[in-house]
Amino acid sequence: MASDAVERESMEVDVLIIGGGPAGLSAAIRLMQLAQEKGEELSVILIEKGGEIGAHILSGVVMDPVGLDTLIPDWRTRDDRPLKTEVTGDKFKYLGPSGVFDISWLPMPGFMKNHGNFTGSLANVCRWLGAQAEEMGVEIFPGFAASELVYGENGEVKGVVAGVQGLDAEGNQKPDFEPGMELLGKYVLFAEGTRGSLTKQLIRQFELDKDSDPQKYGIGLKEVWSVPEENFDEGYVQHTLGWPLDDKTGGGSFLYHFRDNGEPFVSLGFVVHLNYQNPYLAPYQEFQRWKHHPEVLKYIEGGKRVAYGARAITEGGWQSVPKLTFPGGALIGCSAGFVNVPRIKGSHNAILTGMMGAEAAFNALQEGRSGDQLFEYEEAYKESSVYNELKLVRNVKPLLSKFGTIIGTGLGGVEMG
């Protein structure tokens, strides 16, 4: 169905943001901060396909606080802060079929340690950021899925079509068809996360990946358990390699203890690289096997699973980051793939790149520009801690893929050191 075949209402703002995760929300907040500093009015709309902010964010996170510290410096002192559990224990283990070998003693660079980080719910972080953004004047529309791109006369991205309903599987209109509306911005920031449908179109349309390596992906399966106090170790973080995956299959696990409203929870997850080739067991079945290992089961036995889900993860790293800008907008957060695979962390980089994209868009608006390329964002990224962090670990994933988990992990440790 072509966009010009349907009459739609339209709304135009200064900046339109697609996606209500850490990157999109941070971009919205930073835009309003800059506007307030200048004493100016700024119109910002953020749309989120989930029914509420945080609906599509899997709870459970160990977050490097550098992103939040930069965005909202006083967040730690606020009574309603979304992260309250600081990491108190940090273990790295190799699992066998029934035993375990603690490899926390291996020499690793300081940034691989989790002390100083926080455990908690990423969904709650996003809800909190959403509340901050709304208080500052950002219009947030949850339950609004963007389905099409809107282009200007010169091929620049002007906005998206959102809120279309009543189409069948072939895209034909059903009796309850609703055409949605066009949301237009002088700049559009895409924070859809990994493999967003519109982001994939943009990468193809503008050949954003022409000078980068192909992106690599993993699948992360995650559950949140309410656990008995006797199984709970507040602030404890554990990562493992090994069983049930063989040495040639990339992946690993994580397990985080945190409190939410005073209740003890354990967030546990299992990551498998998507070159997984076991013909007998699917990744979710390997996840179930892993949960029954004594080193995992002891923390959740007697508990109750309260949430579960899965998501794709970008794993290509530094060499797979595409060009970030195109006429009319930019990619921020996991839309561009800023996950640090060895650290299993990306939320802080999502926040920081969201801020960079926002600053570039705001400065362009100050200059009276619109619809052009935000080259300043690309330049800021290449001078940033995000760029340096990803470049430092750029060879770890290739080493794991080439040499396997045991040798690759050792070589990766030497490479990072």
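The side chains of Asp 69 and Arg 76 meet in a salt bridge with an N to O distance of 2.9 Å, where a salt bridge is a side-chain nitrogen of Lys or Arg within 4 Å of a carboxyl oxygen of Asp or Glu. This is a predicted model, in which local features need pLDDT of at least 70 and side-chain atom pairs count only at pLDDT 80 or more, while totals for chains, interfaces and linings use all residues. Residues are numbered from 1 along each chain as its sequence is written, and side-chain values use heavy atoms, with hydrogens and water left out.

By this rule the count comes to 20 salt bridges, and the table gives some of them.

| Pair | N to O distance | Accessibility |
|---|---|---|
| Asp 69 and Arg 76 | 2.9 Å | Asp 69 25%, Arg 76 36% |
| Arg 127 and Glu 52 | 3.7 Å | Arg 127 35%, Glu 52 41% |
| Arg 343 and Asp 64 | 3.2 Å | both buried |

Buried here means under 20% relative accessible area, exposed means over 50%, and partly exposed lies in between, with a 1.4 Å probe and protein chains only. The side chains of Arg 127 and Glu 52 form a salt bridge; Arg 127 lies in helix 3 (residues 122-135) and Glu 52 in the loop between strand 2 (44-48) and strand 3 (61-63), so the pair ties together parts that are 75 residues apart in sequence. Helices (H or I, at least four residues) and strands (E, at least two) are DSSP runs, numbered from the N terminus. The side chains of Arg 343 and Asp 64 also meet in a salt bridge; Arg 343 is placed in the loop between strand 20 and helix 7, and Asp 64 in the loop between strand 3 and helix 2 (66-71), so this pair ties together parts that are 279 residues apart in sequence. A network of salt bridges links Glu 367, Arg 369, Asp 372 and Glu 376.

The backbone also has some particular features. Ile 344, in the loop between strand 20 (329-331) and helix 7 (347-366), has a positive phi near 55° although this residue is not a glycine, and at 36% relative accessibility Ile 344 counts as partly exposed. Glu 207, likewise not a glycine, has a positive phi of about 50° and lies in the loop between helix 4 (197-205) and strand 14 (217-226). The peptide bond from Trp 243 to Pro 244 is cis, with omega near 10°, and Pro 244 belongs to the loop between strand 15 (236-242) and strand 16 (251-260).
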